[in-house]
Amino acid sequence: MMTPLAPRSIHARKRPVAIAFVFVMELAWALVVATPVHAWARRVWGGHPDGDAVLFAPGARELMVWLGQNDAALAVTARTTIVLLAIGAVLMQLPFGALVASLAFGREVRTEDADGERVHLGAPRLRGALQIGVSAFLPLAVLFVLGSVASLIVLLLGGLAASALDHTLTEALGDARSFTVRVVLFAMFAAVAAVIGVVVDLARAAVVRESGLSAASGTASPAWNVMLRGVRIALKTSRSSLGRATLGWTGRTVVGIALLAIGYVAADTFGGSGGLSLTLLFGIHQAVVLGRVALRASWMARALALVAPVQDAR
Amino acid sequence: MQARALAMSVLVVALCGTMRIAGADSSVDASQSDAIAADVPMAAHPERVVDYTLRATLDPTLHTVHGEGTIAWKNVSSQPVSQLWMHLYLNAFKNQSSVFMRAPIGGFRGTTIPKEWGTIDVRKLTWKDGAEPHELWPTAQLRRGDDFDETDASIPLPRAVAPGETIDLAVVWDDKLPSIVERTGFDGSFHMVAQWFPKLAKIEPDGTFAHFPFHHLGEFYADYGKYDVTVDVPEAFVVGATGTVTESHVEAGRRIERHVQDDVHDFAWTAWDKFQTRKETIDGVACTILFPAGYEDHAERELATMRFALPHYGARYGKYPYPLLTLVHPPAGAPEAGGMEYPTLITTGGSSYIPNGVNLIELVTIHEFGHQYFYGLIGTHETQWPFLDEGLNSYAEAEAMAAWKGRGSFLDLLGLKVGDSEGHAERARHFAHDDRVAQPAYAYGTGSSYGALVYSRTATILETLRRVYGDKLMQRTMGAYARRFRFQHPVPRDLIETFQNEMSAEAGEVLRDALFDKGWIDFKVEALSSHAVHAAAGIFDDKDGKRATTPAEHGVSGKYEGWVLVVRRGTLHLPVEVELVSEDGARTRVPWDGTTDSVRVPYVGTSPLRAAIVDPEQRVLLDEDSENDFATAPGQAGGGAPRTLERATYWSQLLMGALAP
């Protein structure tokens with residue numbers, strides 16, 4: 001039996017299995033995405049006694065030779081990789097839905113001690129969370145597509161507006177300063193795109209929670225209706241809590257960027273080394289990814305805590 | 001036409017040999033005593049052939065320049081001259097029928113149709129022959145036949161000018177600057193004034209003039225002399241120009257600056273009312289950076305580049321002889337004015353934000369500064385032999401950038417280090433069989449092949465020679481060439497002979513083949529094999545008649561023998577190393593002189609031969625296909641591609657996280 005958690009009880013740190021599940025799913029699909037480029041590199045350079053270390057050698061001659069061949073390998077690999085990435089982005093809505101379900105709901109757990117039997121809400125079983133994830137998949141996928149398109153449109157408009165302003169101000173300010181204005185204006189549009197992303201995340205939280213509640217009550221709504229209800233709840237939540245939500249998202253994003261920096265420093269330090277260094281680098285990179293998944297879970301927990309009262313009040 | 005040009009060059013070399021002895025003031029610069037080629041005599045001054053004393057008045061609203069002045073020209077050839085040739089290169093932008101504009105060249109800069117056309121109109125050209133002035137311009141011919149190009153004018157003289165005789169010409173002309181197309185023009189109030197005055201073509205020793213229309217891909221070739229130019233601009237404008245400022249004052253709202261420079265073969269200037277200025281004396285040279293507001297970081301990077309480049313080039317190619325250098329960073333609206341070279345004045349470029357680690361600013365700056373040598377001090381014929389300036393200069397640029405920035409000389413960002421030389425090699429590789437490197441600029445079919453072969457292929461050929469024959473020998477060779485031909489007009493033969501004499505006959509031959517005959521090379525590890533060394537198996541009778549049988553599985557020596565077959569494809573012969581990799585990790589390098597088509601390198605080791613690599617140090621950058629430079633023995637495994645898998649997986653995770661957070 002899945003029970004919705006009270007906002008103060010929603011914490012990502014209580015759902016390590018669900019976080020690990022998302023991480024493993026993403027890693028698995030990332031290995032699929034990496035297969036074409038890996039196969040290509042292995043085919044060309046795998047026979048070298050130093051393997052693909054030559055591709056990472058300073059000077060990058062072999063890297064340029066590899067990428068610069070006049071055959072179709074680069075184009076085929078690039079297109080295949082992009083398609084796999086896009087498919088993965090949609091497919092990953094499933095484990096993501098399971099993660100959010102795991103955050104939003106608890107499972108009654110009975111324990112006995114000296115004072116007698118106690119009932120508390122523990123983490124739901126992965127199977128149960130996945131079932132909610134499956135039922136929420138379609139609205140989540142549609143939300144993902146629509147949210148991405150909306151953000152891209154805003155970014156595109158920002159690019160056009162910033163470019164136009166840049167050209168207008170060049171004569172008066174000089175091109176360096178007008179370029180700064182351009183960057184600032186574009187950053188403002190990017191901030192709007194980020195806020196759209198925050199609202200979409202609120203909607204995703206609401207959608208998963210809605211799906212879980214429907215499953216618990218034994219009712220089922222069409223995916224489109226679930227998504228629309230999720231959007232309405234997200235918009236209603238935004239009216240009262242957009243600032244808090246954005247702040248919560250921004251803080252975690254900053255930490256996420258710091259994790260990326262750690263990954264960059266590690267790659268820069270180890271370069272094209274193999275053996276133990278490569279294993280260590282893999283470990284650091286995976287730790288970075290795991291940290292980012294945990295941050296995402298933490299953010300979605302926050303989003304759930306914000307939408308839950310609004311959703312329950314309906 | 002190419003053969004004729006080559007024959008003409010040979011003749012020029014032969015005649016120039018005499019001229020050099022007569023005209024060049026040879027002296028060794030003591031300050032270069034630490035340089036490897038410091039003992040090579042280097043001229044302190046060129047033979048002065050033509051002196052220009054000009055005054056230019058800029059109207060920044062109409063974008064016009066009114067010019068007048070005098071030209072003192074000496075017939076330094078061995079023949080009387082009865083006709084002058086004058087370059088009117090601003091007419092390249094007069095209409096779409098000029099040689100410049102109608103050249104079917106894509107893939108290179110300068111392909112924009114100007115929004116405003118440019119012209120140069122000579123109003124008067126007078127020869128003050130004693131007391132009698134001769135008006136020369138009425139008989140001048142700007143066009144030939146149906147050709148509308150007006151960049152190359154012939155001017156008949158009323159009498160022949162004897163060898164050694166100097167004549168004085170008075171000239172008045174008007175320029176209408178084009179909107180910036182390439183090299184010259186205006187953008188708003190920014191003016192880059194190059195190829196702006198009537199300029200006499202270079203007189204060759206045989207009395208002919210090296211005259212030619214302004215071609216899209218080549219323009220420079222001129223005699224050395226003194227330029228004394230007074231520039232008259234509105235007071236608010238900042239001027240940058242060839243030569244030292246000897247007079248400067250403001251008069252009736254006009255800024256008047258006189259710039260004087262000896263020993264140069266061109267003069268260019270710029271004027272803008274929005275220039276910011278930074279100055280610093282580096283290695284005894286007064287460096288001035290002129291840049292738009294907001295580009296302070298770029299100015300600092302350009303100065304930092306000069307702090308490295310001036311002493312580096314001085315040690316390699318002889319001390320920079322002029323007291324000043326002006327670097328102009330054009331505004332963003334005039335990128336085509338960037339990346340150009342004029343005596344003591346270069347233009348750089350780059351958008352307002354270029355992160356550290358992307359060494360574009362440094363690279364452009366060092367490249368254009370390098371032209372002070374390979375174009376300025378060594379006055380080669382750019383139209384006829386463009387590789388002699390752009391190619392040698394691209395080599396010098398890559399060498400200097402590597403000496404300064406290391407293996408990430410082009411890009412050092414996100415853990416990726418991309419070398420400038422490696423970039424040249426990759427760019428050139430795709431064009432190696434298309435065309436000869438050593439041919440006139442106008443003979444190239446596309447701008448892409450011109451760029452790849454003239455700039456990158458030449459740089460790659462020279463970098464290969466440096467890596468194969470050693471840095472010191474290369475420094476010596478290039479240093480000797482740069483010093484010996486300072487203030488001269490060398491041709492390809494001079495370069496090849498210098499390599500033959502200073503480096504080796506073989507190196508000279510490689511250079512000649514690669515430049516003139518599309519010479520190419522591709523090493524390939526064709527096959528390899530090894531086996532355990534056993535004592536011979538079978539029945540053996542000793543001296544006493546005793547018979548013993550040695551089975552095949554006995555008598556294992558613990559040694560392995562084998563071979564690697566390396567093939568050299570192509571026409572170039574270069575020595576190379578072959579690395580033999582044993583199963584136990586031992587690596588042995590065996591040199592091969594590369595003179596035959598193939599070599600079978602023997603292997604002896606304590607474990608089976610695992611793999612072989614030809615040219616493991618990547619010295620032969622000319623190698624066409626490095627993907628066949630290695631092979632693994634049957635049954636042996638290579639190193640695989642675990643790094644690629646790790647990076648690709650990580651980036652895929654990040655991208656998926658970003659796409660669907």
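Select strand β22 of chain B, residues 324-328: Leu325(B) is found there. Strands (E, at least two residues) and helices (H or I, at least four) are DSSP runs, numbered from the N terminus. This is a predicted model, where local features need pLDDT of at least 70, side-chain atom pairs count only at pLDDT 80 or more, and totals for chains, interfaces and linings use all residues. Residues are numbered from 1 along each chain as its sequence is written, with chains lettered from A and ligands numbered from 1 in the order in which they are written.

Stay on Leu325(B). Is Leu325(B) buried or exposed? Leu325(B) counts as buried because it has 21 C-beta neighbours inside 10 Å; the cut-off for buried is 20 or more other C-beta atoms within 10 Å, with C-beta atoms placed from the backbone.

Now show Val285(B), Cys287(B) and Thr344(B). Leu325(B) is in contact with these three, leaving aside neighbours within four places in sequence. Contact puts the two C-beta atoms, placed from the backbone, within 7 Å.

Next, select β8, β5 and β12 of chain B. These 3 strands form an open, antiparallel sheet in the order β8-β5-β12. Pairing takes at least two DSSP bridges between two strands. The edge strands, β8 (152-161) and β12 (199-200), each pair on one side only. Strand β5 (residues 81-87) is joined to β8(B) by 6 bridges. Pick His87(B); its bridge partner in β8(B) is Asp152(B).

Finally, colour by chain. In chain A, 58 residues are in contact with 54 residues of chain B. The largest share of chain A's side, 13 residues, comes from α1(A).

Note on methods:
A residue is buried if 20 or more other C-beta atoms lie within 10 Å of its own, exposed if 12 or fewer, and partly exposed in between; C-beta atoms are placed from the backbone.
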